[in-house]
Amino acid sequence: QINKCRIFEAALTIRIGHFISIDHLILGTALPRYIQRKGSGTDTDVIPFTMRSWEQVEQGFSSGDINAAFMDIAQAMYLFDKGLAISMLMFTHRAGNRIIVPEQIQRLADLKGKSILIPHRLSIQHMLVYRLLSAGNFKIASFGELGESVGIESVPYALMPEMANSDLECDIAAFICPAPFGDAELEKKGFRHLLLSRDLWEDHPGSVFVVHQDLLKTKRKNLALMV
């Protein structure tokens, strides 16, 4: 009986997983408008969950712990291709990433033999870094074998600035992330913008808002109000 009650309760709630970034700001704007449109005191059917990494978003969405999510479009396409019954309702942000480098990186040739940090292997940022390295005719290094190539390492946004700051051997050439990550480092001496993501790919896709298709059946009108 308890399990049936939990299943019924889950069906009545929109459980949105999100990352602390532009998506977080969009959700902060959308929820008050949703409550206003639907009527005061009716926000209990929307429960936001702050996630610490893209892996956590993916696992929660795949398992059903959350039934809606802001996630990278490449990640959403991967889950859809695996057979997860999901639908994309909207793009959330585009062209909003910065490539941040230490001051000693002055040109593309300075990337040689170093690593670039990306948030997830299934991400637009990964594609953007490939475009950057292709422009410099660089090869992608195999694990642990940089040489004349450039390495790519997956690291959560929140850890990128810390890793770059503590990189005493200067092995990290750059990291790519959206605001507000990296802002504190840019205010300090030693870091600067190399370029914006739109310089590599104009109007590129970014994060999307996706939901389980079952949620569309039970909460279609509510989701339409939110979007």
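These notebook entries record what I looked up in a predicted model of a protein.

**Entry 1: Ground rules.** I noted that the model is predicted, that local features need pLDDT of at least 70, that side-chain atom pairs count only at pLDDT 80 or more, and that totals for chains, interfaces and linings use all residues. Residues are numbered from 1 along each chain as its sequence is written, and side-chain values use heavy atoms, with hydrogens and water left out.

**Entry 2: Overall make-up.** I found nine helices and ten strands, taken as DSSP runs numbered from the N terminus (helices H or I, at least four residues; strands E, at least two). Of the 227 residues, 45% are buried; buried means under 20% relative accessible area, exposed over 50%, and partly exposed in between, with a 1.4 Å probe and protein chains only. I then looked at contacts (heavy atoms within 4.5 Å). Among those with a separation of 6 or more, 76% join residues 24 or more positions apart.

**Entry 3: Nonpolar cores.** I used the term for a set of buried Ala, Val, Leu, Ile, Met, Phe, Trp, Tyr and Cys residues joined through side-chain atoms within 4.5 Å. The largest core holds 43 residues, and F61, M71, I99, L111, I116 and F175 touch the most other members. Strand β8 (residues 172–178) supplies the largest share of this core, six residues. A second, separate core has 15 residues, including L31, V46, A68 and F209. I also listed the partners of I116 beyond its neighbours within four places in sequence: L111, V129, L132, L133, V150, G151, I152, E153 and A174. In soluble globular proteins, nonpolar side chains tend to be buried together.

**Entry 4: Salt bridges.** I counted three salt bridges, each a side-chain nitrogen of Lys or Arg within 4 Å of a carboxyl oxygen of Asp or Glu. K219 pairs with D45, with the closest N and O atoms 3.5 Å apart. This pair links distant parts of the chain, 174 residues apart: K219 is in helix α9 (residues 213–226), and D45 is in the loop between α2 (22–38) and β2 (46–51). K219 is buried, at 9% relative accessible area, and D45 is buried at 7%.

R107 and D110 meet at 3.7 Å, N to O. Here R107 is exposed at 56%, whereas D110 is partly exposed at 21%. D214 and K217 form a salt bridge at 4.0 Å; both lie in helix α9, three residues apart, about one turn of the helix, and both are exposed.

**Entry 5: The second largest pocket.** A pocket here is an open set of points on a 1 Å grid over the protein atoms alone, where a 1.4 Å probe fits, with protein on both sides within 12 Å along at least five of seven lines; lining residues have an atom within 4 Å of a point. Its volume, the space filled by probe spheres set on the points, which are joined across faces, edges and corners, is about 190 Å³. I noted among its lining residues I26, R33, F70, M90 and F209. Helix α2 gives the largest share of the lining, six residues. The lining has eight nonpolar, one polar and two charged residues; Ala, Val, Leu, Ile, Met, Phe, Trp, Tyr, Cys and Pro count as nonpolar, Asp, Glu, Lys and Arg as charged, and the others, Gly among them, as polar.

**Entry 6: Positive phi.** N137, which is not a glycine, has a positive phi near 55°. N137 lies in the loop between α5 (124–135) and β7 (151–154) and is exposed, at 71%.
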